[in-house]
Amino acid sequence: MTPYAQGADAERERAVGEALGKLDLAAKTRLLAGQDMWTLPALGEIGLGSLVMSDGPIGVRGRRWTAEDPSVALPSPTALAATWDPALARRVGRLLAQEAHRKGVHVLLAPTVNLHRSPLGGRHFEAYSEDPYLTGAIGTAYVLGVQDGGVGVTVKHFTGNDAETERFTVDNRIGGRALRELYLAPFEAIVTGARPWGVMAAYNAVNGVPMTEHETLVGGVLRGEWGFDGVVVSDWLAARSTTGAIRGGLDIAMPGPRTVYGEALAAAVRAGEVPESLVDDAARRVLRLCARAGLLSGTPAAVAVADRPAGVDGDALARELAARACVLLRNEVRGPARVLPLEAAGLKEGGIALIGAAARQARILGGGSAQVYPDHVVSPFDGLRAALPAGVPLRYALGADPSAELAAAGPGFALRAVVRDAEGRELGGEPLPGGQVQWLGDLPAGVSYRRLHTVETCGTFTPRVSGAHRFGTRGTGALRLTVAGQVLFDGCQRDENADPFEAFFGRPTERGTVWLTAGQPVAVSLLSTPPKPEELPVEAVGFTLLHGEPEQDSEELLTEAEEAARAAHTAVVVVATTERVESEGFDRKDLRLPGRQDELVARVAAVNPRTVVVVNSGSPVELPWRQEVAAVLLAWFPGQEAGAALADVLLGAAEPGGRLPTTWPARLADAPVSRVVPEDGVLPYDEGLFIGYRAWDRRPGPEPAYAFGHGLGYTEWEYEALVLDRGDPEEGTLATARVTVRNVGARAGREVVQLYLAPAPAARGERAAERPERPGRWLAGFAVAVAAPGARVEVVVPLPRRAAEVWDEAAAAWRFLAGAYTVTAAHSSSDPRVSAALSA
Ligand code: BGC
């Protein structure tokens, strides 16, 4: 029985115990192994249904990785964190639970709470912040929201998966304090604050031990110290040792059917290599998870069907969140007022020049397992067109194409996938809304993997413009690409990276061009003979037909954009990263915007003083022209309602209320941590506690482009008072801050009141051992204030005891550091407003 099993929990524990007693060794070990890519087996003998898991975190993809089965696509996790609004994160969680039920999913593979250690981390867009407290607060609310709906989570990736290079094997060497005070801190906050039903063990090792086998961190810290009673599931393909994993406390090895658990685990028990009690413990936890999700018949689910939140409008929430997350980095005065929000009346003369590839095709989400397929996407162009009053001209220019690479076949293609056996007999097929075949353990109806020999993506392409269209492929094995009767490629593509997901995320390869005429359909076919490697635990087929519009002269594009901008009242340039820049599976090499986008902005700004730049990226990029433009608005990866939300913000229907959850450096060279490449398999976290603003604060030298917590909004705030009420550290609170702020601007708005705690400098004669090194200050609390123009609001922010504790490695315990502190209420880390002394 777990320490917090009470009431319904206790009843469930009894049922779980009974069910466990009825299972033999073979059944128990089967329950711990994926039966396919996303599910655990049903066990009819105890009335147990099959548990389904799915990614996460910005939508629920469901069992099928295809646009055939659409999902609401929300903004990137960096965007959610930029709201600094746990209440909104909880609503997001509830929507995701509703989506999960719609798709028959019981556990969402989210949230990602690794830290923004370096801006180069490939999955930076998928995590929340460089600050563990903010990450923990947003993550806790998200988990509470998902579980309010009776759906489980796997908080991931436990722990230290802060970059992608050699992610399957890298050994991250993290000091004891940094581990506790930074990397474990969000997990601790979520486990103790939201009781998640699951945690995902990361691919990497920490201090020499793979996270799927980490007895000390899993058994000792997660379960022992924090009282976690949920399951630990491996990241996909992360579990590599039967005895190591079960001894390390790993409950579920995913995906299946070939895993290190199941029969292999039963055999290890029979051979006396591991005690059966470890299998019992894991099986009990898995049964508990299934019971919570309502899959153990006769046992109450954690949330009754009638109590699940329902009727959440996904499109509306996606739009609200995308607007709320926008961070206004810069907003200069042009004429009588600041350039944003745009004045509809002024726009009638000259209108808007909307520029950039992403203005037509926004990059709505980051690449990799976080991908979902929404049933519609509102582009910035469509969003603005719909929102602008009649009579305001909107002229579009591409300006610069950020992607030299091809993308999955999209508009203009009508495609189908046809599966055949070795004799060429058709086994089945399905329509393909995009050019991607991504079958993971789930083939089209009637198709058997054993007999599957070829898959052909075939159909027609009707070009929108005449010219030399480019075609290519992604995927491995034998491929034959034919367009309009011409064979562009017939050969074999090898796996470059030895990453098992190479076929899905790997490099696109251009195979040739064909001159096509606008409006005239041609036949296309990509015939794949996919590899079927024995060692892959899951039945997988993945390859993609790629296409690129005819290339245009880049100089001409820039000139066209300049002309459009010169003629317009306001120029809005949308700059973006691409799938090859921000994705799971690899880290970034630099922070530059791809293609000639920097040049585009500089040239547009030179001809139009009202140039507004919208940054469409999930993580920091260098903005070398930022002082030359009138406004910079960070839209993140904004999800399916991208354009609608952007129009709301640009035209002032919504305030860009976001604040940076992570420092934006001016140049990569200034970033405190830029090493993400291991040497001989080892990546030392040499910077210790000093990541993000903790590091920027500490050293002299370059200032960041935009500080942690920065964001302007559309109104101004005065901080009138900060009063500290003493807390009781024994009860877990250091103090309670009451901050009075007044909206002194002309419109209603939201302010994120940020509280930083700074220790007083060490007294003379104090020994280092008595006062361990600490950052200059750190975020200790925050709250959102909402006020009408002229109105005053008091926010109450509890400051937790933990804010004044450090991890004492020698004692292996938290140590409260009593003494003098300063508490500062701030608009951002670079804009402190009022301070008060605190004697703790
Ligand atoms: C990712 C996980 C994801 C899993 C299943 C892994 O490669 O690291 O975050 O949940 O795949 O798609």
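**Entry 1: the second largest pocket.** I started here and noted a volume of about 1000 Å³ for the second largest pocket. On a 1 Å grid over the protein atoms alone, a pocket is an open set of points with protein on both sides within 12 Å along at least five of seven lines, while a cavity is a set of points where a 1.4 Å probe fits but cannot get out; lining residues have an atom within 4 Å of a point. Grid points are joined across faces, edges and corners, and the volume is the space filled by probe spheres set on the points. I found 41 residues in the lining of this pocket, and the closest to its centre are Tyr 133, Ala 189, Pro 800, Arg 802 and Ala 803.

A reminder to myself about the source: this is a predicted model, where local features need pLDDT of at least 70 and side-chain atom pairs count only at pLDDT 80 or more, while totals for chains, interfaces and linings use all residues. Residues are numbered from 1 along each chain as its sequence is written, and side-chain values use heavy atoms, with hydrogens and water left out.

**Entry 2: who supplies that lining.** I listed the elements that each give at least two residues to the lining of the second largest pocket: α4 (86-102), α5 (132-148), α6 (176-183), α7 (185-194), β33 (778-787), β34 (792-800) and β35 (805-808). These labels are DSSP runs numbered from the N terminus, helices being H or I with at least four residues and strands E with at least two. The most comes from α5, with seven residues. Domain 1 (5-304) and domain 4 (717-839) each provide at least three residues of the lining; the bounds come from an automatic or database domain assignment. By class I get 23 nonpolar, seven polar and 11 charged residues, taking Ala, Val, Leu, Ile, Met, Phe, Trp, Tyr, Cys and Pro as nonpolar, Asp, Glu, Lys and Arg as charged, and the others, Gly among them, as polar.

**Entry 3: α4.** I checked the span of this helix: its 17 residues reach 24 Å from first C-alpha to last, close to the 24 Å expected at 1.5 Å a residue (1.5 Å times one less than the number of residues). Its buried residues include Leu 88, Val 92, Leu 95, Leu 96 and Glu 99; buried means under 20% relative accessible area, exposed over 50%, and partly exposed in between, with a 1.4 Å probe and protein chains only. Among what covers them are α3 (77-82), β2 (107-108), α5 and α12 (314-325).

Entry 4: Which peptide bonds are cis? I noted Gly 56 to Pro 57, with omega near -15°, and Ala 110 to Pro 111, with omega near 0°. Pro 111 sits in the loop between β2 and α5.

Buried or exposed? Arg 195 counts as partly exposed because its relative accessibility is 27%, whereas Trp 636, at 2%, counts as buried.

**Entry 5: Thr 154.** At 1% relative accessibility, this residue counts as buried. Beyond neighbours within four places in sequence, Thr 154 has contacts (heavy atoms within 4.5 Å) that include Ala 110, Pro 111, Met 200 and Val 233.

**Entry 6: cavities.** My search of the whole structure gave 10 cavities of 30 Å³ or more. The second largest cavity has a volume of about 110 Å³, and of its 15 lining residues, Asn 114, Arg 123, His 124, Asn 161 and Asp 162 are the closest to its centre. Its lining divides into three nonpolar, nine polar and three charged residues.
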